[in-house]
2 protein chains.
Amino acid sequence: MTLFSRTLRCQAAFRRFPVELSSPGAPGTFNNIRKLSQTFSRTSCRAPVEAVAVRGKMNNNNYPLDYSRGGIKEFNQRFLDSAARGDLAEISGLLGAVDINVKSERGWTALMFAARNGQTHVISILIERGCDVNCLNASGQTALEIARFWNHSEAASVLSQHKQGVEFDQIHNYFSLNPLYRASEMRKDTAGLQAAKNNMSTKFVLFSDQKPFLLRSEEPSRKYKFAVFNINQLGTELLERGTVIFLGLETWDPDSNAWFAVDIKEELSDIGPKFFPEGKYATPFPVTMQMEPTQAGIFAEAHSVLCWLDKYKFCSTCGSATKIAEGGYKRVCQNWECSSNKGVQNTCYPRVDPSLIMLVVSPDKKDCLLGRQKRFPPKMYSCLAGFMEPGECLEDTCRREVEEESGIKVGRVDYHSSQPWPFPAVLMLGCIAYARTSALKVDTSELEEARWFSRAEVAQMLAGQHPHGLYVPPGEAIAHQLIKSWVASSFSNL
Amino acid sequence: MTLFSRTLRCQAAFRRFPVELSSPGAPGTFNNIRKLSQTFSRTSCRAPVEAVAVRGKMNNNNYPLDYSRGGIKEFNQRFLDSAARGDLAEISGLLGAVDINVKSERGWTALMFAARNGQTHVISILIERGCDVNCLNASGQTALEIARFWNHSEAASVLSQHKQGVEFDQIHNYFSLNPLYRASEMRKDTAGLQAAKNNMSTKFVLFSDQKPFLLRSEEPSRKYKFAVFNINQLGTELLERGTVIFLGLETWDPDSNAWFAVDIKEELSDIGPKFFPEGKYATPFPVTMQMEPTQAGIFAEAHSVLCWLDKYKFCSTCGSATKIAEGGYKRVCQNWECSSNKGVQNTCYPRVDPSLIMLVVSPDKKDCLLGRQKRFPPKMYSCLAGFMEPGECLEDTCRREVEEESGIKVGRVDYHSSQPWPFPAVLMLGCIAYARTSALKVDTSELEEARWFSRAEVAQMLAGQHPHGLYVPPGEAIAHQLIKSWVASSFSNL
């Protein structure tokens, strides 16, 4: 059974279910969620990313700007023009008024226009002011590739130095930007955890039946964040009646603030709106795809563990009831004769299900394979994927799943990056797979369609400019990052 | 809790438990197991590897030859000398009498001597005859590196062409060489599986309480293989009383031979010796580290699934009894009101626990970090490792585990290869981690010791030539491959 069949049922939520956080301007159809995603991406998430800069670099997804608003359009055009001309004075004046990553209709940023014309001084200023050097235009080019193409070697040098200048150049996918230190050594310290719960600086995030209690972020874009509670607001009785898990500390310093998640039953759920009347308990998917990235990382940890605690209440070895231990990271069988209490058993620990998701590249390297589940929203195509099985290595899972679903034989498999997918606790291992054959034989029980797409067509899908409206998942999904990475890297093969 | 604490308890078996397959010459102490491993590695596993050549390339682990046997020693010396001299006639004559990968006391193969002296014609013949081009000498050099060092460009070219000439150059670790096609689409076809069980050409491997029933391999080296049964030998009644799982087909052709594993209780276990009096039920670890590699892959699938079926007999959601379905790959709750029977639940499917194992490289790239668990056999050092947690990406697990256990901060993390570790169902994701700090602060609750080792010292440990007898795990463990890979790749940094 593929990953899609088992968990990407969630994706159907894109289409079927309204977003629970209702408010004017956020109706819950898929297309509106997609627009939310675009807004989210376009306005970027610099602050949270800076907060986790030491942990890696996050890829942003950029969409063409909506030009419907008159005045802004003029500012943006002037900004892009001045970058192309190298007019530093005008650029400096406009930087406060425009989004530094604003794009032209063809998806060109100011950095790209500067790169096109070798305006090295403009490039330096834009980078210094935090622009995204990894943006792609509608042809799938980065500013660096544009500078190289037009032989502006000094500009190319500045651009490539910057890429190497980050502490370590490694993708961090959405849901993996949890800033907390998990402090697993504290989990067995029951008294220490109890003391931490009663500390007024300790932070609690709230769930009701695994639905997070969220607020609108203060940022102008329509994103969500956790409502954060303290012990006085929740009260010790509520903690005793709910499921409480220890998420970690704000830093490696044991005296730093602790974070907990509390999952309560519906009858207790008034506690959220009592302190935050504007907050709502939200069905997690797809709302949590629109959270502030660091908070989405905290959500990923909390939601996965809470779902496990809820679905694994009984001992699988003897059927007896179990008790939560170690800050929520263990379940102990209450039948002391049970063999799961002897030695170390994986039955007691939270489950993480490894799965593979792969962009398959054609033998001539010019095309990639994308597929459609029947449950996908119309016109969306994505990477193939499937769960790993016992006794398999990652590369063989990739070869097996691709051959099962599409009939394509895969040779080499390169790991790309990974992403926790907290519905409920999947580890997505993203790969680029090199096909040795190209004749398709699609398994229609798994896929509605799978076909080869040219690099140019995929670049259009990424940029939201496909003539027939085809598109790929948003930047918060690892599939998007795999596709984008291939489009960018294959530019030099053209 | 680290991986070591949770599953590498098995490694203690190396030291504590005798090998159950008793026979003259195979006493079960760790040191003898280690010798077995050396024999296993030295005589290589060409036939099984060829059988899975299409699936990738297996790394061999080579140890210096035992020179205690007089006559062989002379042949070997003549063979190595003739390779150095370029004497093709003598080489051809000796090839039938010696192991083509035989090593000198410093760990040099004939290929290395030929590379040292630029004997390109000898190199071609040795490669044609199937020698291992990836062997390392006691200094951690490959033949290619030796040829490059001595400026024999033609020889280096032949050696590097060969490396690229394999269909795809990708490591396949031990336990991942399962040659069967899993045919997951057949699992739901109950009638088809029943018919397959009754087919006389179907093959059964036998377990009793998860212990595999093994024979000595006919190969001169002391390796093990499954005893393979047919339906007439086992009988349908025994299949009904045991736990039967469908392992797969011999090829992608649905008419090819099916394989099943049967796990029976001790009271039925006479069936094995009845047909194979020389066979034994073996405690899986460490005996299965000495199996023919393709059979070890079949063991990995069978053992992981059988252990899961045994430990997960009750529904974790409601505590009711469950029933095995889908050829052993699913458990269904017998309480039809249970929520695990509604929608798709990961509670019903076999569990695979992803874990990280990492070779940490020092900031100056000259040293690597190895550690010792108290349970390790004396003088063995290995990579750090730990389980992934819900909501983590692979790279962050690596950074967290290394910092927790050693105090070292890690920057970039590169994926290397993966290995199923079927005790009971771990997925080992092997990485190379680049440290940003070097001051150690070892967590002594997790590790007895951790320290930096120079590349030269690690090369000695790999080659079994460390002056104080320190060593690393054998080639069947992914830790060995990570270490070996770093030693080989860092040669050019010296």
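What follows is a set of questions and answers on this predicted model.

Visitor: How many helices and strands does chain A have?
Guide: Chain A has 494 residues, of which buried residues make up 62%. Among its contacts with a separation of 6 or more, 68% are accounted for by residues 24 or more positions apart. The secondary structure of chain A comes to 19 helices and 17 strands.

Visitor: Which residues of H19(A) make the contact with H18(A)?
Guide: H18(A) passes H19(A) in a left-handed crossing. From H18(A) the contact is made by A:Arg455, A:Val458, A:Ala459 and A:Leu462, and from H19(A) by A:His480, A:Ile483, A:Lys484, A:Trp486 and A:Val487.

Visitor: By class, which residues does the contact of H18(A) with H19(A) have?
Guide: The residues taking part from H18(A) include A:Val458 and A:Leu462, and those from H19(A) include A:His480 and A:Lys484. Sorted by class, this contact has six nonpolar, one polar and two charged residues.

Visitor: Which elements of chain A do the buried residues of H18(A) pack against?
Guide: H18(A) is mostly covered, with seven of its nine residues buried. These are A:Arg455, A:Glu457, A:Val458, A:Ala459, A:Met461, A:Leu462 and A:Ala463, and the helix is followed by A:Gly464, whose phi is positive, near 70°. The elements of chain A that the buried residues of H18(A) pack against are S13, S17 and H19.

Visitor: How many residues apart in sequence are the parts that A:Phe213 and A:Phe229 tie together?
Guide: Over all chains the count comes to 39 aromatic pairs. In one of them, the rings of A:Phe213 and A:Phe229 have their centres 6.0 Å apart and their planes at 45°, so the pair is tilted. A:Phe213 is buried, as is A:Phe229. Because A:Phe213 lies in strand S4 (residues 211-216) and A:Phe229 in strand S6 (residues 228-229) of chain A, the parts tied together are 16 residues apart in sequence.

Visitor: Is the aromatic pair of A:Tyr381 and A:Phe453 stacked or edge-to-face?
Guide: The pair links distant parts of the chain, 72 residues apart, with A:Tyr381 in the loop between strands S13 (367-372) and S14 (384-387) of chain A and A:Phe453 in strand S17 (residues 449-454) of chain A. A:Tyr381 counts as buried at 6% relative accessibility, and A:Phe453 is buried with a relative accessible area of 0%. The ring centres lie 5.0 Å apart with 70° between the planes, and the pair is edge-to-face.

Visitor: Which residues does B:Ser316 touch, not counting residues up to four places away in sequence?
Guide: B:Ser316 has its place in the loop between helix H16 (293-311) and strand S10 (322-325) of chain B. Because its relative accessibility is 5%, B:Ser316 counts as buried. With residues up to four places away in sequence left out, B:Ser316 touches A:Lys311, A:Tyr312, A:Lys313, A:Phe314 and B:Thr347.

Note on methods
Residues are numbered from 1 along each chain as its sequence is written. Chains are lettered from A and ligands numbered from 1 in the order in which they are written. This is a predicted model: local features need pLDDT of at least 70, side-chain atom pairs count only at pLDDT 80 or more; totals for chains, interfaces and linings use all residues. Side-chain values use heavy atoms; hydrogens and water are left out. A crossing is left-handed if the near helix is turned anticlockwise from the far one by less than a right angle, and right-handed if clockwise. Helices (H or I, at least four residues) and strands (E, at least two) are DSSP runs, numbered from the N terminus. Contact means heavy atoms within 4.5 Å. Ala, Val, Leu, Ile, Met, Phe, Trp, Tyr, Cys and Pro count as nonpolar, Asp, Glu, Lys and Arg as charged, and the others, Gly among them, as polar. Buried means under 20% relative accessible area, exposed over 50%, partly exposed in between (1.4 Å probe, protein chains only). Rings of Phe, Tyr and Trp (its six-membered ring) pair if their centres lie within 6.5 Å; planes under 30 degrees apart count as stacked, over 60 as edge-to-face and the rest as tilted.
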